[in-house]
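Please read the following note with the model open before you. The points move from the whole chain to a single residue.

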Amino acid sequence: MSIHTSFSLVRAGMTLVVSSLAVLSVTAASNPLTPAFNQPIAFAKATKADVQQATATVIAGTKTSLNAIYSVPTGKRTFTNTMVALDNLSDDIDRVAGPISILFNASPDSTIRNQAQKSLAQISKYGNELALDEKLYRAIKDYSKSKEALALTGARKKFVTETIEEYERNGFALTPEKRKELQKLNDKIGDLSIAFGANIAKDQSFLMVSEADMKGLPDDFKKSRTKAGDAYRITVDGPTYSTFMKYAESEAMRKQLYTLYNNRAADTNLEVLKQLLIERQKKAQLLGYKTYAAYQTSSRMAKTPETVWAFETKLVDRVKQKSQQDLEELLVVKRAYLKDPSVKTIAPWESSFYSNLLMKDKYQLDAEKVKEYFEVNHVVDGLFQTTQQLFGLKFNEVKEPSVWHKDARMFEVQRDGKLIGRFYLDLFPRENKYSHAACFGVESGKQTAKGYQLPTAVLLCNFNAPTPGKPALMSHSQVVTFFHEFGHVMHNLVTTAELSSQSGTSVKRDFVEAPSQILENWAWNYDALKTFAKHYQTNEVLPKPLYDKMWAARNVGSGIGASQQILYGTLDMTLHDKFDPNGTETTTDVLKKLQNQITPFAYLDGTNMQASFGHLTGYGAGYYGYMWSKVYAEDMFSVFEKNGVMDQKTGLRYRDLILAKGGTDDEYQLVKNFLGREPNQEAFFKSLGL
């Protein structure tokens, strides 16, 4: 559910968070990171020096472009010499930050990673400077009053209006002294955000577990572990953690791992988070907003924190009953397993284990059996077939591409026989790699004098790697995640926007997940699944009775899952809207109170989940957007359900009316145009089994 979007002066304003940068080039073509127009990036050749040089060159180059914008005489400003020039300038930065962001998140070379981190911090600070550039603001304001500007319509008008709004939201109502203060705050916020992410990535916590305590775990999992004598090393990366929590019979070990996992980076990040909240609060108040949440939501679909609170409250009420039912189902399993009818509670480190038993016993669903039908290459093929069919595209793998690691693969995308973009897949975990699944926009689509600039996106994931004698098999939930993240790739790649600031995922932050959430539905649809869900040994298609069990079990735990998402959204909103980081209450106090209130699982003393809640940087006061956008995603999917999920006519309408538009029109309007009616929440609640 992560997307790392491009730095655009309009969208990101000064709130640039470096982990969420995307990018291109104005540097010499000899640098592998800044290739000639529409040529692929030569990641494999990039050195520490190239990262340094690309950064220095782009900053110097944009300074020249800035001077050109400043020096247009009064009365001579046009959309081209002012607005397009601004879009070009932020795109130039993006095209350099993008590849560097990939190296920071995925390069196996620590010297390159460290330099990439420094460069991203440098670019972030430069972005903060630009966002507070008085002369640039005056130039745009000056243009906005011209006869040409006043006659603009559509996407161009939206670009001018939003650019000015963003500047004014970001400090142009302030005196020059106050703006300097704001810039310092933004720099601090940028540094703290980078440190927060880096601390999570650096956390190499692990447990050493005896043979006896590995009871219940699949053989291929045990084989893939590093050993010290007879003990197995259990790390806190996503796939390892989730597998252990699901299958390990040892409750004591699950509790230990749960504690370890929910204390990742706590030694450093509790303090970093506190500082980050302090600086964000100062920033919001300096800008005339009561809280950071008020500042953030003012440019989103939601508009105010009150709207978000009303949304979250309604969700809590609707979901409470379902999560209570889910808990009762788990208690039945636990009582039977422990042969103890008096059991009344489920601890958070037990839920995955008992959910798995519930699936096996009540729903006769064995996740390990299901996995046998999802060999990674079959899933890739199925995902490709589905999206190519729906959106009228063709993907071609590039042989021997220039990539940052041998696992990474590269594909070219064609529409009507014409190359329209590229994407990369890097699917398996390794040390020092970004530890979740996310789409990184690396280059934006954009109209240029040389033709349309090809968008490029990278998908970094952490699915189970192949083991000796056994291919990489994915759990069905990983298949769903893969489809989700690929939705972001499609959003980036089929764009037709004129400006990079409005291209692909450059939409309001609380809508950005909708195009990825809608695609999850195909990972649940039998017509789509039977084209690729085939047994890795026998090639037998996923049997309909097994699929029916998966479907019957789809909403098992949906209340618990939704309450977890509501917890994340509410924790994020509380920290940014109803919390005093300088007061006596700590972020852990807030977490404890909310977890006990919202989820059916009691908070475990001594855990600090918020220290590794990476979305607190990129999505600060925005995590509610995940559920908010899901309402729109499910509503749009209802059109496919009506017309047939593989109906290409509907797919092409969706491609052209939603994906291709990017941020060129109001998001609510886009959805309404596609639906042919006002959006509503019915399909969303139905999807949760409510």
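1. How many positive and negative side chains does the protein chain have, and how far apart do the centres of the two sets lie? The protein chain has 85 positive and 77 negative side chains, with the two centres 2 Å apart. Lys and Arg count as positive, Asp and Glu as negative, while His and the chain ends are not counted. Each charge is placed at NZ of Lys, CZ of Arg, CG of Asp or CD of Glu.

2. This is a predicted model, in which local features need pLDDT of at least 70 and side-chain atom pairs count only at pLDDT 80 or more, whereas totals for chains, interfaces and linings use all residues. Residues are numbered from 1 along each chain as its sequence is written, and side-chain values use heavy atoms, with hydrogens and water left out.

3. The protein chain contains 27 helices and eleven strands; these are DSSP runs numbered from the N terminus (helices: H or I, at least four residues; strands: E, at least two).

4. Of the 690 residues in the protein chain, 61% are buried (buried means under 20% relative accessible area, exposed over 50%, partly exposed in between; 1.4 Å probe, protein chains only).

5. Val333 belongs to helix H13 (residues 305-338) and is buried, its relative accessible area being 11%. Apart from neighbours within four places in sequence, Val333 is in contact (heavy atoms within 4.5 Å) with Tyr354, Leu357 and Leu358. Val333 and Leu357 are 24 residues apart along the chain, yet their C-alpha atoms are separated by 7.1 Å.
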